[in-house]
Amino acid sequence: MKHKSKPLTILITLGFLFALVIIPNDNFSSDVEINKKPRGGNTDITFKNLKTSDHWNIDHIYIINDNWTETDLDWIQVNDGTPQNPHIIENVTINAGGSGSGIVIQNSVEYFIIRNCTIYNTGNNPNDAGIKLYDTNNGLITNNTCSNIRHGIYLRISCENNNITKNIANDNSYYGIYLIGGSNNNKLTENIVNHNDDDGIYIDQICNNNTISNNTANHNVNIGIHIVDRCKENIISSNTVNDNTFGIEFEHDCNNNNITDNTAHNNDVGIRLSYSCNDNKLFENKISDNKIGIILRFNSDDNILSENTANNNAQFGIYLRQECDNSTIMGNICNNNSQRGLYLYDRCHDNIISGNTAYNNTDYGIYLNDDCDYNNVTGNLIKDNLQLGIELSSGCDNNLFYHNSFIGNKIHASDSGSNNQWNNSIVGNYWDNHTTPDIDNDGIVDDPYMWIFGGADSEDGYPLVGSPVHLGETIYIDDSGVNAWDWSKTAKLKAWVSGSGTSNDPYIIEKLEVNGRELGMPCIYIENSEKYFIIRNCKLLNVSAATVLLSNTNNGKLIDNLCLKGAGITLDSSNNIVSIGNNMSSTNGGIFALDCSHLKISQNYIYNSTSGGIRITSSDYNKITENQIINSSQTGLYILLSNHNEIIGNHVVYNNWSGILTHNNCFNTTIARNTVVNNTGAGIGLSLLCHNFTVSENIVINNDFVGIAVSGGCYDIRVIENKVSKHTFGIGIENAGIDNIIKKNNAFNNDMVGIGLNKTIQSLVSGNNASFNGMVGIGLFNYSNDNIIYNNLVLSNTMIGITIDDLSDDNICYRNNFTGNGVHANDDGNNNAWDYQKCGNYWDNHTSPDADNNCIVDTPYIWITGIADSQDNYPLLPCWTPPAPSNGGGGLPPSGDDDDDDGNGGESSIPGYDQYIIFGLCSLILILLVKKRWKLIKNLNTFD
């Protein structure tokens, strides 16, 4: 019997209207405030729950020529010898009896593992070791203890692609770990090699392309990590080498190695390169509290020392000795050393010493001694040294000094050489005791600096009014030259700007820390610029205004900057700006753009913003991709009055209003492949006359109210292949114009409605999975007319699969799969059709008879509830095949659908049949059983 469902329709409609109120509670429509004045080896294997190493006690293990299958020993697991199934030696304690090595693998190429073994009491011949590999590849040696023997672990002659990790090799009479003779492409990681009588790790004789990282090599008698004799292209990174004679040493033609992020304390020398070690890179090492921090000596040329910290050493921070030429010493910190910060001695020529800090050294900040010529010393901060900032001894000639800042030294400079230049004929240096006069305001003091001591009678003819080295101050560039210096003048007078402003040679500002001191000025403010520029790897903090403000500025890139305690990045009337990889944490805002175009905003991290994450207003043709916007106090990503934008691949979660919202006459926009989860408003919202949108392949989960909401006269909207669940309404289309397509979405497990249309006409709802929703799978409400509901899977919705209210007319519903719903369909409207051109829907409770075997049930489906007395005259069976199209008919949608993904026959003609029909029937049985159970319990209670 049919029945009315008016109360349910009213309830859902009221909920729908409430849910689609998606305009945020903050005033997004207002303009952005702009402060115009005052950016090859083994696969790693994880092991758990290993047995103790004394599971077996034996004397030696020898594997020669891959004779694994001949061993037949309990403590050797003989497997395939492949990367997926290696041989294994484990849980063994070996007492070698005072002779030979404990484990020897020789002439082997099969994959193997040696793990959790303890080896002791080996021989004391030169080639004896706890574990020895000889001409052997593809081994994993892990979690072993090889201590109190000659060598702990020994790789001899052409051992390649071995992984030596997490072993202990302490207190050995020679080396903890020893590689020699063409042993290449090995990894030595996370080993402990302490208290050995020679070196912790020793690598000798043409061993190339090895990685030595995260090892601890402390308290060794000689050297923590020692690399000798033509070893090239090795990576030495993140190791700790304390309390050795030398922390890390390369000697004798070891070239093109990378020494990065190591820690060396309390050694005689932290890092030493000796005897023609060339083209090596020493980056970001922490070398403090040694006698000498870093030393290059004896013809070690063309090396790069960058961003190392060499502080508190008993003699020198960085030391070049005896014919070390053509190296770049750049961006290092050499402070508080007991003698000299940076020292060149004995014929060291043609080096670049740039951007270093030499502060509070007891003797000299920088010292050139004994015929060190043709060096370029520029952009250094030389401050508070107790004797001299820079000293040039007799015989040090033809050196060039400019863009250096001399502040607070007892004596700034002394020059006893000849032909040394203290300016580059354009600018000189900053001397804190000589900063005026500058009558023409060109940034250069009008009188020369005359107080350079020594016998050379040197002077600086172009002393600077302000420090060319950045001292934390805010940066303001007005390329019109009206309110501040332009790019050209800034690059001329400041060492922290390089380049010429062309596309091939942009101006570059990098690695600065700018403290706005909450004075109301941006950390970096650039206006009226067409020059190409890059601002990267800067730390910008403590401003009440934007950390970076670009106004009327084009062609800039903001890359990998850290913005803290400010208003994020603001772009005003600026085009062709790239913002990529910037981190904005706990700011007053993320990235705001007003009247901009052709922006690329990508891979930024915006967290805990007290305002929105990314806001784009009146800005067209922009790409907003792969950003993370988390926990903002307002909408995560907001687009207003902006067109032709791409919003792709962003991660927008836990924001305090909508995840992604576009509002007010936005058109031609793509919102695709975003993850929008746990926001307190709509997940994705389109409101007020937005049109020609594609919203596709987004993951939208557990936002308040509506997952994807379209309202306010939007039209030509395509909502395709989204995953939308755990909302009040999954997908809601309200007061929308014509030509909207809701297609191939998964709208499931929502509290009320999976897909709802309200005051929406001439739209297509096709190929969707509207299942497991708390009330309705698909609903049409309030004058939603002339829509097509076609080819959808409507499964296990608690109350109604598809419902049409009494104000919604002339809709067509066909080729839908109704399975396991409380009630499959309800229709209170007028002239709604439940079949089209002899094609109806599949109803799991009406599957026979079919006497003519045409896969259409012979009797109509009459169990559509509601006051319309609707029925499906051609209910389908799974075997139904769509006929070939003819003159626009044949079961194809009457307009707008290119959906042809349901095959040419068989069960696939009913959407979702293969995946869901069996599960749906099981769901029905389960519901019946539960109801029967509750009825029985009720009856039992009655008897009580």
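In the predicted model, C879 counts as partly exposed, with a relative accessibility of 38%. Its disulfide partner is C855, and the two sulfur atoms lie 2.0 Å apart. C855, by contrast, counts as buried at 11% relative accessibility. A search of the whole structure returns 1 disulfide. The pair links distant parts of the chain, with C855 and C879 placed 24 residues apart in the loop between β83 (842-843) and α3 (913-943). The link of C855 and C879 is left-handed, with -120° about the S-S bond.

Other cysteines were also examined. The sulfur of C372 has its closest cysteine sulfur in C348, at 4.6 Å, which is too far for a bond, because a disulfide requires the sulfur atoms to be within 2.5 Å. C372 is buried, its relative accessible area being 0%. C813 is likewise buried, at 1%.

Backbone geometry was considered next. Most peptide bonds are trans, and most residues other than glycine have a negative phi. A cis peptide bond, with omega about 0°, joins T436 and P437; P437 belongs to the loop between β40 (430-431) and β41 (475-478). The bond from S848 to P849 is also cis, with omega near 0°, and P849 is located in the loop between β83 and α3.

Positive phi values occur at D346, about 70°, and at N692, about 55°; neither residue is a glycine. D346 lies in the loop between β30 (340-345) and β31 (352-354) and is buried, with a relative accessible area of 11%. N692 is situated in strand β66 (residues 691-696) and is partly exposed, at 26%.

Key: Residues are numbered from 1 along each chain as its sequence is written. This is a predicted model: local features need pLDDT of at least 70, side-chain atom pairs count only at pLDDT 80 or more; totals for chains, interfaces and linings use all residues. Side-chain values use heavy atoms; hydrogens and water are left out. Helices (H or I, at least four residues) and strands (E, at least two) are DSSP runs, numbered from the N terminus. Buried means under 20% relative accessible area, exposed over 50%, partly exposed in between (1.4 Å probe, protein chains only).
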